[in-house]
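Here is a short briefing on one structure. Look at the sequence and the model first, then read the notes by topic.

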Amino acid sequence: NKAEANRIIDAMGGTVQVARLFSVTKGAVSQWRDNGIPDARLMYLRLAFPHVFDTANSNQQQAA
């Protein structure tokens, strides 16, 4: 989902930081903002940076 991709990329420090992390272009990460983060990249982020996703889970639970 587009909003979730934007939230994750922003939480990771933005387009430039995520591009550096994966050694891809800023343009590639900008496309992820529109098309969603590719599954393999998302799995890596979930494992390497669980705090980014723990925050999302806490926010969703509070909203419920």
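Buried means under 20% relative accessible area, exposed means over 50%, and partly exposed covers the range in between (1.4 Å probe, protein chains only). By that scale, Phe22 and Trp32 are both buried.

This is a predicted model, in which local features need pLDDT of at least 70, side-chain atom pairs count only at pLDDT 80 or more, and totals for chains, interfaces and linings use all residues. Residues are numbered from 1 along each chain as its sequence is written, and side-chain values use heavy atoms, with hydrogens and water left out.

**Helix α2 and its buried face**

- Helices here are DSSP runs (H or I, at least four residues), as are strands (E, at least two), and both are numbered from the N terminus.
- Helix α2 spans residues 15-22, and its buried residues are Thr15, Val18, Ala19 and Phe22.
- Seen down the axis of α2, these buried residues fall within an arc of 100°, so they line one face of the helix. The arc is taken from the directions that run from the helix axis to the C-beta atoms.
- The cover over the buried residues of α2 includes α1 (2-11), α3 (26-35) and α4 (39-48).

**Thr15**

- Thr15 lies in helix α2. Its relative accessible area is 17%, so Thr15 is buried.
- Contact means heavy atoms within 4.5 Å. Leaving aside residues up to four places away in sequence, Thr15 touches Ile9, Lys26, Val29, Ser30 and Arg33.

**Salt bridges**

- Side chains of opposite charge can pair when their charged atoms come close.
- A salt bridge here is a side-chain nitrogen of Lys or Arg within 4 Å of a carboxyl oxygen of Asp or Glu. The whole structure holds three salt bridges.
- Asp34 and Lys2 form one of them, at 3.6 Å from N to O. Asp34 is in helix α3 and Lys2 in helix α1, so the pair ties together parts that are 32 residues apart in sequence. Lys2 is partly exposed, at 48% relative accessibility.
- Asp10 forms a salt bridge with Arg33, with the closest N and O atoms 2.7 Å apart. Asp10 belongs to helix α1 and Arg33 to helix α3, so this pair ties together parts 23 residues apart in sequence. Asp10 is partly exposed at 48%, whereas Arg33 counts as buried at 16%.
- Arg7 and Glu4 also meet in a salt bridge, at 3.2 Å from N to O. Arg7 and Glu4 are three residues apart in helix α1, so about one helical turn separates them. Arg7 is partly exposed at 27%, and Glu4 is partly exposed at 26%.

**Aromatic pairs**

- Rings of Phe, Tyr and Trp (its six-membered ring) pair if their centres lie within 6.5 Å; planes under 30 degrees apart count as stacked, over 60 as edge-to-face and the rest as tilted.
- The whole structure contains two aromatic pairs.
- The ring centres of Phe22 and Trp32 are 5.7 Å apart and the planes sit at 70°, so the pair is edge-to-face. It links Phe22 in helix α2 with Trp32 in helix α3, ten residues apart.
- The ring centres of Phe22 and Tyr44 are 5.6 Å apart with planes at 70°, so this pair is edge-to-face. It links Phe22 in helix α2 with Tyr44 in helix α4, 22 residues apart.
- Phe22 is buried at 12% relative accessibility, while Tyr44 is partly exposed at 40%.
- Ring pairs join Phe22, Trp32 and Tyr44 into a cluster.
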